[in-house]
Amino acid sequence: MKVLILNGSPRSNGDTAYILGALKSKFPCGTEFVSLDTYAANIHPCNDCRYCWEKEGCCIQDEMEILWKDDYDVLIIASPLYMSFVTPPLFSVISRLNYIWSNRYFLRIPGSLKPKKGILVLAGGGDGSPDPAVNIAKTAFRFLNAEFDPASDYIRSLNTNTVSVQNDPDLAGQIDRTLRHIIGAYHR
Ligand SMILES: Cc1cc2nc3c(=O)[nH]c(=O)nc-3n(C[C@H](O)[C@H](O)[C@H](O)COP(=O)(O)O)c2cc1C
């Protein structure tokens, strides 16, 4: 099984990284992980050049290749909340998925990405609603043909200003529940 992680956190030893480490440790041994660190990667946001209105794909060539390969079984989207949203570099990555919509709408090219599973990981200090971040992640999962059920595939620690992720009493249970769902579906 191959897992692609889109990591929106700028802090390599921060809260999102801690959750991702705990989550990765629960996957079966032999699982291959590939991580796109969106702050380190050189990925341009969509600039509405409209290439995808007339031609297949996206004309910007950069590290988005890792997504276009479509060779993974599970997609993890992970981010701290910034103003209730995902972080800017992660949103740049997500904006680049819009060619899939444009190809379909303007050129009638049906999506051909293989089915996969989605997991959402969010860390937040405890301010405001995470709904905007959840909604944009749902859009990304839909564009990439990743099945995502918030009831089973959403792991969050949203009060890190007062309860550290290391001491979040709900985290281990959320991770176990998600893994049961993802691994169960993989073996079905
Ligand atoms: C620019 C900025 C905006 C933030 N906005 C929110 C927010 O809207 N809601 C929230 O709960 N926490 C917010 N936070 C706090 C972070 O989400 C929180 O500290 C998180 O645990 C950091 O995760 P990390 O260590 O993986 O970066 C914000 C932090 C920054 C720097």
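Visitor: How many residues of strand S4 (residues 116-123) are buried?
Guide: Eight of its eight, so to speak: S4 is mostly covered. Buried is 20 or more other C-beta atoms within 10 Å of a residue's own, with C-beta atoms placed from the backbone. Strands here are DSSP E runs of at least two residues and helices are H or I runs of at least four, numbered from the N terminus.

Visitor: Is this predicted or experimental, and where does the numbering start?
Guide: This is a predicted model, where local features need pLDDT of at least 70, side-chain atom pairs count only at pLDDT 80 or more, and totals for chains, interfaces and linings use all residues. Residues are numbered from 1 along each chain as its sequence is written.

Visitor: Which S4 residues point which way?
Guide: Lys116, Gly118, Leu120 and Leu122 go one way, while Lys117, Ile119, Val121 and Ala123 go the other. In a regular strand, side chains alternate between the two faces of the sheet.

Visitor: Which strand pairs with S4 over seven bridges?
Guide: Strand S3 (residues 74-80), in the parallel sense. Pairing takes at least two DSSP bridges between two strands. Ala78 stands opposite Val121 in S4.

Visitor: And what about S6?
Guide: Strand S6 (residues 154-157) pairs with S4 in the parallel sense too, over four bridges. There, Val121 has Ile155 as its bridge partner.

Visitor: New topic: what's around the ligand?
Guide: 18 residues, the closest being Gly14, Thr16, Pro80, Gly124 and Gly125. To count, a residue's C-beta atom, placed from the backbone, must lie within 6 Å.

Terms used. Buried ≥ 20, exposed ≤ 12 C-beta atoms within 10 Å, placed from the backbone.
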